[in-house]
Amino acid sequence: MCGIVAYVGPKDAAPILLEGLQRLEYRGYDSAGIVVANKGLKLRKVKGRVADLAAAVPARFKGGLGIGHTRWATHGVPSDVNAHPHLDGEERIAVVHNGIIENADDLRHRLEADGAVFASETDTEVLAHLIARAVKETDTLEEAVRKALKSVVGTYGIAVIDAERPDQVVVARNGSPIVIGLGEKEMFAASDVAALVRYTRQVVHLEDGELAVLKADGFHTFTMDARVTSKEPLTVDWDAGHYDTGGYEHYLLKEISEQPETVARTLRGRIDDRFHVAHLGGLNLTPHETRAFRRVKIIGCGSAYYSGQIGAQLIEELSRVPADAEPASEFRYRNPVVEHDTLYVAISQSGETYDTLAAVQELKRKGGRVLGIVNTVGSAIARECDGGIYLHAGPEVSVASTKAFTSTAVAFALLALHFGRVHDLSPADGRRICEGLRRLPDQIEQILKQDEHIAALARKYATNPSMMFVGRVRGYPVAREGAQKLKEISYVHAEAYPASELKHGPLALIGPEMPTVAIVPDDELLDKNLTTLGEIRARGGQVLMVGHRTPDAKLAEDAIVVPKNEIELDPILLTIPLQLLAYHAAVALGRDVDKPRNLAKSVTVE
Ligand code: G6P
């Protein structure tokens with residue numbers, strides 16, 4: 001949420017900052033700005049997209065030190081003045097910031113009483129004024145930043161420059177990511193490696209409470225009380241090519257289409273045919289410890305939470321260990337009971353979602369054992385957990401999650417297999433699941449071939465103001481994710497209900513204007529689901545059935561038939577057509593598919 005980029009080195013900063021911001025735009029896109037130091041600070045910022053900013057930056061915008069930002073508004077509406085960077089009144093200090101300063105109002109009143117004049121409504125401008133005051137009383141910029149941050153309550157990832165020290169940038173992190181990119185006689189920083197991979201693959205992640213000074217020839221890191229810290233650079237696997245649309249019209253379609261390969265990558269090297277078990281080296285759990293857990297609690301936000309519901313179902317079915325999923329954002333605030341014999345699993349594509357991170361920290365503080373199912377290697381949640389499973393799905397750029405969702409569900413299938421086989425899942429069932437997992441990539445490929453059929457259905461159904469999604473037991477999280485995809489990218493209202501609950505309220509909504517997407521796998525609940533379809537049709541509702549067989553025309557007027565796998569794994573495949581349905585509905589309605597209104601990819605604020 002919001003993107004930061006910083007550069008210091010021999011080249012002109014502006015083009016590097018603009019390119020970096022373009023890569024980060026998926027984190028926030030209501031306004032953008034850059035500032036470059038060259039005999040004073042040169043600032044350009046605009047409401048709108050990074051392309052609008054690029055058009056506003058003159059060709060001669062010289063200077064080898066600069067910082068930039070793309071914003072997702074929290075304090076103050078999207079506007080030119082509220083866009084970052086923010087400067088102090090004397091235009092000496094410039095700051096870009098992700099996060100929320102909770103005591104901003106209080107600090108602002110104090111600064112105003114002391115003569116500061118504010119240009120914007122943002123919490124960030126407070127930082128610029130605070131640092132500008134501190135810099136006059138200290139010997140270094142880093143000291144001034146430390147001093148200013150001591151009076152701040154809240155979360156931040158910041159980059160700061162000082163017009164009078166045009167050879168350095170100071171960055172700091174508390175709850176909002178900052179990554180340093182190490183170049184040859186040049187240094188970069190960003191809120192996300194996406195902005196760095198074009199220039200370097202050597203990165204260093206700041207921890208909460210850490211700061212760094214970057215100069216062209218090196219960097220050093222230290223804590224808020226000035227203790228020097230030592231950092232080992234990490235090599236990033238992803239390169240700039242992973243962040244291109246690869247010839248697709250949208251990142252979302254690219255990411256949906258990549259799923260045969262991304263699912264294969266999540267599985268690679270993780271199926272052991274000797275004992276029909278999962279090989280998950282990063283769990284850091286002995287079989288003895290695994291057996292000792294009496295419960296599994298899964299947390300995540302948005303689509304991550306829905307994939308966690310699929311995960312809970314898989315764990316219960318394959319291992320008979322009770323499991324459930326809960327939104328991390330709710331969990332962290334309800335003073336959760338943390339049990340020593342519960343295994344906690346945190347899910348996050350980005351590894352930076354603030355609510356999930358905070359929930360993990362709360363769990364760790366209470367002594368809970370936490371595994372992470374995370375896509376971004378080295379991210380905050382991955383580092384905070386005791387072990388886990390990396391998805392290896394490659395960077396997901398489109399705001400709506402697709403390939404990370406399926407890879408998470410696959411990772412859960414592996415975890416459930418692991419749990420099952422240390423409990424009572426038979427070798428034969430273990431083998432059945434292993435074989436089912438291996439079939440997934442080809443079966444996803446077959447579903448993707450139905451793109452045109454699904455696009456035609458999307459055009460038909462997208463004209464309705466509202467849609468109902470229903471599923472039963474294994475199908476219910478699929479319905480929830482289907483409704484989520486549709487509403488977030490097409491803005492068509494969508495509700496998901498357990499099919500079994502329809503009669504207890506939502507059936508009142510059903511009529512010709514409210515079609516239903518029904519998830520109807522061939523499992524032991526098939527007949528019950530078909531009865532539900534009959535009830536919907538009897539009320540004049542249209543039904544689009546997503547399942548394993550062509551329905552009787554009396555029960556559903558449209559259908560998407562997907563290949564059958566093992567019943568436990570079917571939810572993974574049933575999700576894919578719903579992604580395409582939402583995608584094509586959004587395209588048909590002319591929506592900004594990859595950057596839906598009001599949303600951001602990485603929600604690094606509460
Ligand atoms: C945001 C995104 C969702 C995503 C959720 C969790 O709300 O728009 O697509 O599912 O965050 O993100 P995470 O990176 O933690 O999986």
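This is a predicted model: local features need pLDDT of at least 70, side-chain atom pairs count only at pLDDT 80 or more; totals for chains, interfaces and linings use all residues.
Residues are numbered from 1 along each chain as its sequence is written, and side-chain values use heavy atoms, with hydrogens and water left out.

**View 1. The ligand sits in the largest pocket.** A pocket, worked out on a 1 Å grid over the protein atoms alone, is an open set of points where a 1.4 Å probe fits, with protein on both sides within 12 Å along at least five of seven lines. To "sit" there, a molecule needs more than half of its atoms within 2 Å of the pocket's grid points. The ligand is surrounded by 13 residues, and the closest are Ser348, Gln349, Ser350, Thr353 and Val399; a residue makes that list if one of its heavy atoms lies within 4 Å. Look for the ligand's oxygen atoms: a polar side-chain atom of Thr353 lies 2.4 Å from one, and a polar side-chain atom of Ser350 lies 2.6 Å from an oxygen atom too. From Ala600, a backbone N or O atom lies 3.3 Å from an oxygen atom of the ligand. On its own the ligand exposes 390 Å², and the protein buries 89% of that (areas by the Shrake-Rupley method with a 1.4 Å probe).

**View 2. Gln579 is in helix α18 (residues 570-588).** Helices here are DSSP runs of H or I with at least four residues, strands are runs of E with at least two, and both are numbered from the N terminus. Gln579 counts as buried because its relative accessibility is 1%; buried means under 20%, exposed over 50%, and partly exposed in between (1.4 Å probe, protein chains only). Its side chain reaches the backbone oxygen of Thr402 at 3.5 Å. Leaving aside neighbours within four places in sequence, Gln579 is in contact with Ile256, Gln259, Thr402 and Thr406, where contact means heavy atoms within 4.5 Å.

**View 3. Ser307 belongs to helix α9 (residues 303-319).** Is Ser307 buried or exposed? Ser307 is buried, as its relative accessible area is 1%. A polar atom of the Ser307 side chain lies 2.8 Å from the backbone oxygen of Ala304. Not counting residues up to four places away in sequence, Ser307 touches Ile347, Phe405, Thr408 and Phe412.

View 4. Most residues other than glycine have a negative phi, and most peptide bonds are trans. Ala226 has a positive phi, near 70°, and is partly exposed with a relative accessible area of 41%. Asn598 is exposed, with a relative accessible area of 60%. The peptide bond from His84 to Pro85 is cis, with omega near 0°; Pro85 lies in the loop between β4 (65-71) and β5 (86-87).

**View 5. Ile567 is in the loop between β27 (558-561) and α18.** Ile567 is partly exposed, with a relative accessible area of 29%. Beyond its neighbours within four places in sequence, Ile567 is in contact with Arg474, Asp522, Asp523 and Glu524. From Ile567 to Ala113, the C-alpha to C-alpha distance is 67 Å, and the two are 454 residues apart in sequence.

Terms used. A polar contact is a pair of N or O atoms within 3.5 Å; within protein, one must be able to donate a hydrogen and the other to accept it, and residues adjacent in sequence count only if both atoms are side-chain atoms. On a 1 Å grid over the protein atoms alone, a cavity is a set of points where a 1.4 Å probe fits but cannot get out, and a pocket is an open set with protein on both sides within 12 Å along at least five of seven lines; lining residues have an atom within 4 Å of a point.
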